[in-house]
Amino acid sequence: GTRAPGVGLPISELGLRSRTGASIVAIIRGEETVISPRSDFTLQGGDVAVLVGSGAAVGEAVKLLRGA
């Protein structure tokens with residue numbers, strides 16, 4: 001399938017908070033959960049991002065992360 005645009009990038013390069021208003025508060029990667037991932041944390045395919053923000057902000061962040 002198509003790779004999501006955030007895969008392989010550190011969280012800081014996504015500009016998620018400034019672009020959408022949402023923040024990543026945790027990443028679930030397989031059996032591991034990373035709480036408050038550092039800005040240099042690199043996303044991998046299959047990661048699940050736990051987001052906080054308004055409904056609209058989270059919706060925009062999901063679109064950005066999925067490449068929609």
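I24 stands opposite L51 of strand β3 in this predicted model. The two strands concerned, β1 (residues 23–29) and β3 (residues 48–52), are paired in the antiparallel sense over five bridges, where pairing requires that DSSP finds at least two bridges between two strands. Strand β1 also pairs with β2 (residues 32–35), again in the antiparallel sense, over four bridges. Within this second pairing, A26 has I35 of β2 as its bridge partner. Two residues separate the strands in the hairpin of β1 and β2, and G30 in that hairpin adopts a positive phi near 60°.

The chain contains three helices and three strands, arranged from the N terminus in the order α-α-β-β-β-α. The radius of gyration is 11 Å, close to the 11 Å given by the globule rule for 68 residues, so the chain is as compact as a globular protein of that length. The radius is taken over C-alpha atoms, and the globule rule is 2.2 Å times the number of residues to the power 0.38. Helices (H or I, at least four residues) and strands (E, at least two) are DSSP runs numbered from the N terminus. The C-alpha trace spans about 30 × 30 × 20 Å along its principal axes.

Residues are numbered from 1 along each chain as its sequence is written, and side-chain values use heavy atoms, with hydrogens and water left out. Local features need pLDDT of at least 70 and side-chain atom pairs count only at pLDDT 80 or more, whereas totals for chains, interfaces and linings use all residues.

Of the 68 residues in the chain, 32% are buried (buried, under 20% relative accessible area; exposed, over 50%; partly exposed, in between; 1.4 Å probe, protein chains only). The accessible surface of the chain amounts to about 4300 Å², with 51% belonging to carbon and sulfur atoms; areas come from the Shrake-Rupley method with a 1.4 Å probe, and for residues only the protein chains shown count as cover. Among contacts (heavy atoms within 4.5 Å) between residues at least 6 apart in sequence, 55% join residues at least 24 apart. The chain carries 7 positive and 6 negative side chains, and the centres of the two sets lie 7 Å apart. Lys and Arg count as positive and Asp and Glu as negative, without His and the chain ends; each charge is placed at NZ of Lys, CZ of Arg, CG of Asp or CD of Glu.

T20 belongs to helix α2 (residues 16–20) and is buried, with a relative accessible area of 14%. Leaving aside neighbours within four places in sequence, T20 is in contact with A57, E60, A61 and L64. The C-alpha atoms of T20 and G59 are separated by 8.5 Å, although these residues are 39 apart along the chain.

A4 is located in the segment before α1 (11–14) and is partly exposed, at 25% relative accessibility. A4 and S54, 50 residues apart in sequence, lie 22 Å apart in space from C-alpha to C-alpha.

S36 is situated in the loop between β2 and β3. This residue has a positive phi of about 45° although it is not a glycine. With a relative accessible area of 55%, S36 is exposed.
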